[in-house]
Each structure stands twice: as C-alpha cells, then as structure tokens.
Amino acid sequence: MDKGINGVTALGFGLEEYIKMFDLTDIELNMNILDCRAGASCFAAQMHEQSQVVVACDPLYRSEFDQIKHLVNAAKDSIQNSFATSAQEFSILPEKAKEFMHQAETGIEIFFNDFPEGQKAGRYTGDSLPSLSFDDEQFQLALVCHYLFTFSEQMSVEDHLNAIKELVRVSNEVRIFPLVTYGGQLSPYVGEVVAMLQNLSYGVEIRGVDYALQNQGNAMLRVWAESCSVDAHKTNQ
C-alpha cells in the first residue's frame with residue numbers, strides 16, 4: 001500500500017491546514033493524535049512546539065534522511081511541473097496552486113528541520129497500513145491526509161476498509177481528508193466503504209469542512225467504533 005508521488009503523499013501541510021481539513025477544535029488539538037501517512041507534513045513538528053502529543057507515521061520514514069529529502073523534493077517538483085501543463089495531474093484548483101506551493105515549501109522545511117530530532121524522540125515512525133505497531137486505543141484521534149480515497153486507482157476497496165479498521169483499532173476516532181481522488185473526482189469507494197463500515201457497526205459521518213484544494217474536495221470522513229466513548233454531537237462543539 002506504499003502509494004504516492006515517489007512514495008510521498010502529503011506535502012508541507014501544517015497546523016493551520018489540519019485545523020480546517022479535519023475541523024479540529026481546541027479540545028481535539030489537546031488529544032493524543034496519530035498523523036498516519038503524514039509524508040512531509042509539518043503538523044507533528046508544529047504541535048511539538050506547542051507541547052502537544054502527535055506521532056507521525058509513514059513508511060517513508062524508514063529511509064535515510066538524505067533519501068527522504070530527495071524523495072520529498074522530487075515529489076514537490078513533480079507537482080510544480082504539473083502546473084505548467086494544461087492538464088494538472090493533481091487537479092488543484094487554479095486559484096489554490098500558488099498558495100499550495102508556498103505552503104508546501106514552507107512546511108517541508110519545517111518538517112526537514114524537525115525530523116532528525118523528532119525521529120530519535122519517537123515522534124516519527126515507519127509504521128505502514130494495514131498493520132500498525134501501536135496498541136489498541138493508544139490514540140484518541142487518528143488523521144489521514146491525502147492518502148485514503150486520494151489513491152483510489154492504485155488501492156482496492158478492501159485496502160481502504162482494512163486500513164480504516166486498523167486505524168480504528170489504534171484510535172478512538174479516525175478522520176480522513178479529502179474524499180476525492182488524485183485526479184479530482186469523488187472516489188468511487190466512498191459510498192461502498194461507508195456502507196461496509198456501517199454493516200460492521202462502526203459509527204460513520206461525512207462532514208463538510210472549510211478547506212479545499214480540489215473540486216469537490218471539501219469534505220472528510222469520520223469513523224469510530226460504536227463501543228468507544230466518541231459522541232458525534234459533542235465533537236461538533
């Protein structure tokens with residue numbers, strides 16, 4: 001399941017973007033959070049600066065630091081080059097392209113600066129879906145940015161279901177953003193995955209959010225085990 005641009009998924013997203021993508025409240029930002037398939041996001045680094053607990057995991061982190069830098073910069077260049085063509089591979093909204101590249105460059109540098117020390121401290125691990133090394137309910141919240149549903153063409157519906165089940169095992173609640181594919185279309189798996197999760201007695205909600213890079217990309221999926229203490233109404237407050 002190691003999909004992405006040269007093995008890299010998220011690029012440079014940070015605290016400001018995560019708050020909007022995942023509709024995070026101040027209470028939720030104080031939770032023990034897993035950032036799964038975090039790529040070169042700087043959310044964990046910025047949260048660490050605020051003394052908040054975030055663990056970022058990605059198979060990318062198994063590589064040597066110089067190789068990580070090479071892969072991340074190559075992924076950034078690939079997206080930037082796509083903006084020079086009429087058919088944008090990533091389908092970023094035209095008005096968002098410049099903003100995204102500035103945010104990506106800034107966030108990637110924050111990630112690079114934090115990674116060596118953060119890896120030693122255990123803030124970055126090489127765990128990969130669909131099998132994570134974390135304990136049951138080790139986290140209160142798990143976030144997945146631009147991975148599940150984004151790479152629907154490369155991953156099966158079973159891949160999505162197994163990944164979400166594993167994320168719910170290690171956290172009380174999972175939030176996935178966005179629900180559109182890499183090419184900017186609503187993932188064909190969304191309805192099927194929601195139905196399968198409901199049949200397995202998971203709590204599910206699709207929620208609109210105040211953030212979008214792609215057309216139709218302004219919604220996230222919330223999933224939780226009905227047996228846990230998550231209250232869909234309380235988390236909206």
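Mentor: Happy to! On a 1 Å grid over the protein atoms alone, a pocket is an open set of points where a 1.4 Å probe fits, with protein on both sides within 12 Å along at least five of seven lines, and lining residues have an atom within 4 Å of a point. Grid points are joined across faces, edges and corners, and a volume is the space filled by probe spheres set on the points. This is a predicted model, where local features need pLDDT of at least 70, side-chain atom pairs count only at pLDDT 80 or more, and totals for chains, interfaces and linings use all residues. Residues are numbered from 1 along each chain as its sequence is written, and side-chain values use heavy atoms, with hydrogens and water left out.

With that in hand, the largest pocket holds about 310 Å³ of space. Its lining is made up of 20 residues, and those nearest the centre are Glu 16, Glu 17, Glu 99, Gln 103 and Tyr 211. Two or more lining residues come from each of helix H1 (15-21) and helix H5 (97-121); helices here are DSSP runs of H or I with at least four residues, numbered from the N terminus. H5 contributes the most, seven residues. Sorted by class, the lining has seven nonpolar, seven polar and six charged residues. In this scheme, Ala, Val, Leu, Ile, Met, Phe, Trp, Tyr, Cys and Pro count as nonpolar, Asp, Glu, Lys and Arg as charged, and the others, Gly among them, as polar.
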